[in-house]
Amino acid sequence: MAKAAVNFACTECGYSAGRWFGKCPGCNAFGSLVEETPVSLKAASAAKPLLRLVDVDAEEATRISTGVPELDRVLGGGLVPASLVLVGGEPGVGKSTLLLSALGAISAGGRRALLVTGEESTAQVKLRAARLGGTENVEILAETELDAVCATLERERPDVCVIDSIQTLYAADMSSAPGSVGQVREAAGRLLRVAKEENVATILVGHVTKDGAVAGPRVLEHLVDCVLQFEGDRYHAHRVLRATKNRFGSTNELGVFEMTGEGLIGVPDPSELFGKTLPGEVGAAVACALEGTRPILLEIQALVAPTDLAMPRRVGTGVDPKRLAMIVAVLARHAGVPLGTADVFVNVAGGLRIDEPGADLAIALAIASAQRSAPVREGVAVFGEIGLTGRLRTAAQSERRLEECAKLGIVAAVAPEGTRSRSKIRVSGSATLRDALRAGLESRGENPRKTG
Ligand SMILES: Nc1ncnc2c1ncn2[C@@H]1O[C@H](COP(=O)(O)OP(=O)(O)OP(=O)(O)O)[C@@H](O)[C@H]1O
Ligand SMILES: [Mg+2]
C-alpha cells in the first residue's frame, strides 16, 4: 500500500512543505512547522443547473442588526445572513463581552442566537451574562468537537451563531492538535459550508499572535467575508473596533467602545469625547488626525518644564518618540522655540495612539503653546505634516478632516498652505511652521493666561 504523503505547515503563515524546517521559509518563524495529515478529497459530483443573476432571490440580503450600533457600523450596516465574520483581538480586550451583548440584542429582537463556547464553561458565561443583562434568550452550547457543533447547527439552524473561539474546535478525524493550522482551516471550512447551506450568520472569535495578526493561517482571512480587529489599551477603558476586510461594506469605519462593569458601551462620537480642550488652557491643541481613513479629533497636551539634565527628556505617550524628537528639533531650529534646557512631555488624550504625520503640526503647536505660555486660539483645530526644513506639507484628505471639524463646531483650522475649504471653516494656510504658530497661538497681550 502506498504511504500517505506527509505535509508540514507553518502555524504562523500557513506555508506548507513536504519536509520539516526548524525555521519557516515563508515567515522566518522558528519551530512553527507542524505535521499535517492531508484530508482525502471526494470525487466530483454531478453538474448543477445554472441561475441568472436576475432570477436570484435578493430577499436573503437584508441585514441582521446586532443591536450594537458601533458593531453594525463597522460591519457596514449589520450582519449579512449566511456570512462568516472573524473577530480578532488581544486576550482580555473584550471579544466575548462584545459578542455576548450582540447575541443578547439579536435574541431580544426575536431571532435565534446561539453561543458555542469552547473556552469557558456555561457557568462562566452565565456570570458574564448576569453582569451584562438582557441575554436571557441566548442559547448556549459548550462543545469543542467540530462534528458535534456542525450537526447541532444543521439541526437547530439559528439565525446567528458565535464560535468562541475557532482555535478550541477540533475535528476528531484529524491527528493534529486543536489550534493547529490544519484544525483551524478545517474548522473554518466546515463552518463556512454550514453557514452558507443553513443560512446561519456565523461569527468566529480568533486569537491573535504577539504581532497582532489573527493566529492560524492567513488562509482564514481569505475564507471569511469580514475580518474585524478589536484593539485597546489594557490600562484604558476605550476600545477600538475596525474592519480590515469587509466584502459587504467599507473598511473605513471605526467603532469606539468604553469598557464598564455593565459591559461595552458604544461611544457614537469619539471626536466629541477626545477632541475638546478648555478655552484658554496652555499646552493643549486639537489635532484632526486620520484613524485609518476616518478623521477623528484628538486633544494633544504638552508640558514643557525646565530641567538640569544634560540630556533633556522627550517623553511621548501615544506619539512616536522619533517623530517627537524631530518636531522638537524643528521647533528649536526653524520656529524660534528654544527647548534645549527643558523636558518635553506630550500626551494624546484618552489613551489613543496616532502614528500619522498629519498630527505633527498639532503636537508642535501644543509644545509651543506650553513653552510660550500662550494658549491656542479658541475653536481651532490643527493638521499638517512638518518637514525637516520647517516647511509644512499638505496632509492627506484635508477635505474630510475639515468636514469632521465642522461637525464638532470648530470655526477655524490651521493647516498647510493650499488647503481649500468648501465648508464654513476658516482655514489659515501657512507655508512654514513659524507662520503656523503665529496663526494658531494667541499673542500674549490678547487673552491673559488663565490661572488656577
Ligand atoms: N466587573 C467588571 N467591570 C469592568 N470590567 C470588567 C469586569 N469584568 C470584566 N471586565 C473587563 O472585561 C475584560 C474581559 O473581557 P472578555 O472576557 O470579553 O475578553 P476576551 O477578549 O473574550 O478575552 P479572551 O481572549 O481571554 O477570551 C477584562 O479585561 C476587563 O477589562
Ligand atoms: Mg473570550
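**Cavities and the ligand shell**

The largest cavity holds about 60 Å³ of space. By cavity I mean a set of points, on a 1 Å grid over the protein atoms alone, where a 1.4 Å probe fits but cannot get out. Points are joined across faces, edges and corners, and the volume is the space filled by probe spheres set on them.

Quick housekeeping. This is a predicted model, where local features need pLDDT of at least 70 and side-chain atom pairs pLDDT 80 or more, while totals for chains, interfaces and linings use all residues. Residues are numbered from 1 along each chain as written, chains are lettered from A and ligands numbered from 1 in written order, and side-chain values use heavy atoms, without hydrogens or water.

How many cavities of 30 Å³ or more are there? The count is four.

Back to the largest. Its lining includes Ser-96, Leu-99, Leu-100 and Arg-128. A lining residue has an atom within 4 Å of a point. Helix H2 (95-108), strand S5 (113-117) and helix H3 (122-132) each give two or more residues to that lining. H2 has the largest share, with three. These are DSSP runs numbered from the N terminus: helices are H or I with at least four residues, strands E with at least two. By class, the lining has four nonpolar, two polar and three charged residues. Nonpolar means Ala, Val, Leu, Ile, Met, Phe, Trp, Tyr, Cys and Pro; charged means Asp, Glu, Lys and Arg; the others, Gly among them, are polar.

The second largest cavity has about 50 Å³. Among its lining residues are Val-319, Arg-323, Asp-355 and Ile-363. That lining has four nonpolar, no polar and five charged residues.

Now ligand 1. Which residues are closest? Gly-92, Lys-95, Ser-96, Thr-97 and Arg-128, out of 15 around it. A residue counts if one of its heavy atoms lies within 4 Å. H2 gives the most to this shell, three residues. The shell has three nonpolar, six polar and six charged residues.

Next, polar contacts, meaning pairs of N or O atoms within 3.5 Å. A backbone N or O atom of Lys-95 is 2.8 Å from a ligand 1 oxygen. A side-chain N or O atom of Arg-128 is also 2.8 Å from an oxygen of ligand 1. For Arg-131, a side-chain N or O atom sits 3.3 Å from a ligand nitrogen. Alone, ligand 1 exposes 650 Å², and the protein buries 63% of that. Those areas use the Shrake-Rupley method with a 1.4 Å probe.

Note on methods:
On a 1 Å grid over the protein atoms alone, a cavity is a set of points where a 1.4 Å probe fits but cannot get out, and a pocket is an open set with protein on both sides within 12 Å along at least five of seven lines; lining residues have an atom within 4 Å of a point. A polar contact is a pair of N or O atoms within 3.5 Å; within protein, one must be able to donate a hydrogen and the other to accept it, and residues adjacent in sequence count only if both atoms are side-chain atoms.
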